[in-house]
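Please prepare a short briefing on the fold and surface of the protein shown below.

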Amino acid sequence: MATPDRTPPSLLDLTTYLLSRTGKDARTRLADRLAADGLRLYHHAALAALADLGPHTQRELATRLRLDPSDLAKAADLLAARGWIDRTRDPADRRRLTLTLTAAGRTRLAELHAEARAVQDAVLSPLDPAERATLHALLLRLHTAAAPE
């Protein structure tokens, strides 16, 4: 994140700027950790969606995660190759693939969540537990209000 002594004061007055810079810092830290294992943020997101919401067709998951279908296809290739998801063809439409999380995928997802929590703890280290809870509640409220669902 930009240091206050180098950031123009008028930008420090913008909450949206502070959110953006803090978010970019957190995203970069997590992306760097995932990249060490050849993963990207959307691999984590795909595993989380399958764990939380159950099996999806590849197209449904791409839509849910707001990913280009070809990018999700590549992600599914990697996740399947590592044994974290199963892909099954729909007998009625051979082009349709359903993605399902495997037991190994659940284990890897737990490890990825631990990585994300470690990054979160580092980013939020200046805040005490009550401040973290307040920040989370406020951001969740903003996210919910902005979500196009």
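Which helix gives the most to the nonpolar patch? Helix α7 (residues 129-146) does, with three residues, where helices are DSSP runs of H or I of at least four residues, strands are DSSP runs of E of at least two, and both are numbered from the N terminus. This is a predicted model, in which local features need pLDDT of at least 70 and side-chain atom pairs count only at pLDDT 80 or more, while totals for chains, interfaces and linings use all residues. Residues are numbered from 1 along each chain as its sequence is written, and side-chain values use heavy atoms, with hydrogens and water left out.

**Nonpolar patch**
- Leu19, Leu135, Leu139 and Leu142 make a nonpolar surface patch of about 320 Å², with areas from the Shrake-Rupley method and a 1.4 Å probe, only the protein chains shown counting as cover for residues.
- Patch residues have over 30% relative accessible area and no salt bridge, and nonpolar side chains (Val, Leu, Ile, Met, Phe, Trp, Tyr) are joined within 5 Å, like charges within 9 Å; a salt bridge is a side-chain nitrogen of Lys or Arg within 4 Å of a carboxyl oxygen of Asp or Glu.
- Leu19 lies in helix α2 (residues 15-35) and is partly exposed, with a relative accessible area of 40% (buried is under 20%, exposed over 50%, partly exposed in between).

**Overall fold**
- The protein has seven helices and three strands, which run α-α-α-β-α-α-β-β-α-α from the N terminus on.
- Along the principal axes, the C-alpha atoms fill a box of roughly 60 × 30 × 30 Å.

**Burial and surface**
- Of the 149 residues, 25% count as buried.
- The protein exposes about 9,900 Å², of which carbon and sulfur atoms supply 55%.

Key: Buried < 20%, exposed > 50% of the residue type's maximum accessible area, 1.4 Å probe, protein only.
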